[in-house]
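Me: Got a model to go through with you. Can we start with the salt bridges and then move to the fold?

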Amino acid sequence: MANPDPSATRTQRWLRLAPGTLIVLGALLRLRAYFHFRPLWLDEAMLSLNIGSRSFVQLLKPLTDDQSAPIPFLWATRLSITVGGMNEASLRLLPLVCGVLLLVLLWRTARNLLDTLPALVALAMAVLSPLLIYYSNEVKPYVVDALVTLIVVNAVLVVIADSESPKPWRRLGLTGVFAVLASAPAFLVLAGAGAALLFTPGIWAGRESRRRLLFTGTAWACTFGVVYVAFIRPAASNPYLQTYWASSFLSPLEPHLASRAASAFGTTMQGIFVGDGGSWRATVGLALLLGCAAGAVRLARTRGVPILMLLVVPPLAAVAASMVHRYPIAPRLMLFASPLTILLLAAGLDGFTARLERGARTVALLVVSGAILLLPLRGAIHGFIAPSEQEDVRSLTKMFAREHRRGEAIYVFSRSVPSWAFYSTDWSAPDLLRIGRLTELVGSSGPAFRNAPTRGRAVANEGDSLQFREADFQELIGIPAGTGPTLEEPGGAERPDTGWADNERRRIRIAAGLEPAWVLVSSFKPAVGTELLRSLKEGGATILSRSESASGFLLKVKF
């Protein structure tokens, strides 16, 4: 009897250990970010205020601050803070769990569709994906969307493998209904599921399987209709959100379609596979689309048209929805399709090396995939050593609470209000009236709208009513700087409206009187902070102290 080849034995052992090792690595990367407990930033704070200030029943109503999220996400997060308290760890627990589970399910899916080595490449891409790491530690449902996509894909694969048995159909039907309830882009994923089932020959062979397909599709459509009318339509028709996402809609009737599409696709692929950096990374992201296209061709040849439909139709459906202004093509909103693009790219890389000899094929696949993984690996290592923070109002709020004297005024820039409201609230006995007032003020219909566009005129004598007395301080809410997005300038103006800074200095001076006042500014464009500081100094303010944090600063001034 021949002795086993030692090198082959080592390879088999490595292949057995590699999936678990990669999943553990992915979990560690996500846990490192989670246990850094970075402060909530503007977007997270807005959604968190809704969750923390409402009951389970009240979360069924439209959210304030132009926010929206699926009810299961809201309820699960509400349950988490009920048990663990109103803090970053409780709020981000669900995304963390879903981010880790996604890796496990992606490996299972990849092994069903790909050979072992390209399946490992797909898993490594998911482990190091910048967006998947980041949104596993964000109070937003985007990583949940990606997990739901994989759950649907796996349920469809079971039906394709055994379309005659009723059990897989029941599971698929319930999975689709759950997906619509739990994920806003699930209807795009179900479009791919329906297309895959329609192209599965075995389903058309029997009357019973055709009946099941019709029943399943009807259940999905009815569920989506109810969810759309009750929860999705208000956000989809929100005028501010339509303006905010204007540059991410790929309507063929609007100018510069080619450049907008290149930007949307390039930044999306960059976020999934490459990470932040220079604009050249978006070009790399666009180049990776060619690998996805090659993967689509390879899967069609090796696994059949149903699998092709299952993976390709959802992102294409998103593009179609974008053309009619119903789904923006942007990195975080396309995260639901990240598992599909990862599988397609891994299949494409496998296809590029398919004609090589076995040993050379393995080496070539490892080299090419290693080159692609180099940039996200570098980013993951940097993030593990020094986790980043988008905005830190938490430390500035603590400093104010510790150092201010009773009755002193604090001016809060409009874009700082959500984070300020979160961190200045005693969540053991929250002042719900104050939270409601603040969120209404900075919402898109409020007088202090955090992202209002330019007025087109000079500012004078505005916002005098936006001053409120709290228990031991005066709260002065800033008026909009006028740097929000417009259809003509999707990125908004870089400079505040003329007279804005002088108007705010006037309000601060009146509120302060002869006492010191505090100024909290975060999540601002550079010229906003510069103009306000200039106006304060020219208006006779002496800066007694200045503390800076990520994307923010806190001043103590006296006139």
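Me: Is D464 buried, exposed or partly exposed?
Reply: At 48% relative accessibility, D464 counts as partly exposed. Buried means under 20% relative accessible area, exposed over 50%, and partly exposed in between (1.4 Å probe, protein chains only).

Me: Where do these numbers come from?
Reply: This is a predicted model: local features need pLDDT of at least 70, side-chain atom pairs count only at pLDDT 80 or more, and totals for chains, interfaces and linings use all residues. Residues are numbered from 1 along each chain as its sequence is written, and side-chain values use heavy atoms, with hydrogens and water left out.

Me: Which side chain does D464 meet in a salt bridge?
Reply: R506, at 2.9 Å, N to O. A salt bridge here is a side-chain nitrogen of Lys or Arg within 4 Å of a carboxyl oxygen of Asp or Glu. D464 lies in the loop between helix 21 and strand 2 and R506 in helix 22 (residues 500-512), so the pair ties together parts that are 42 residues apart in sequence. Helices (H or I, at least four residues) and strands (E, at least two) are DSSP runs, numbered from the N terminus.

Me: How many salt bridges by that rule?
Reply: The count is 30.

Me: What about R394?
Reply: R394 forms a salt bridge with E88, with the closest N and O atoms 3.0 Å apart. R394 is in helix 19 (residues 394-403) and E88 in helix 4, so the pair links parts 306 residues apart in sequence. Both R394 and E88 are buried.

Me: And R361?
Reply: R361 forms a salt bridge with D115, the closest N and O atoms being 3.9 Å apart. R361 is partly exposed at 21% relative accessible area. D115 is partly exposed too, at 45%.

Me: New topic. What is the strand order in the open sheet?
Reply: Six strands run in the order 2-3-1-4-6-5, with mixed pairing. Strand 2 (467-469) and strand 5 (542-549) are the edges, each pairing on one side only. Two strands pair if DSSP finds at least two bridges between them.

Me: In which sense do strand 1 and strand 3 pair?
Reply: Parallel, over four bridges, between residues 409-412 and residues 474-477. A409 stands opposite Q474 in strand 3.

Me: Where is A541 found?
Reply: In the loop between helix 23 (526-538) and strand 5. A541 is buried, with a relative accessible area of 10%.
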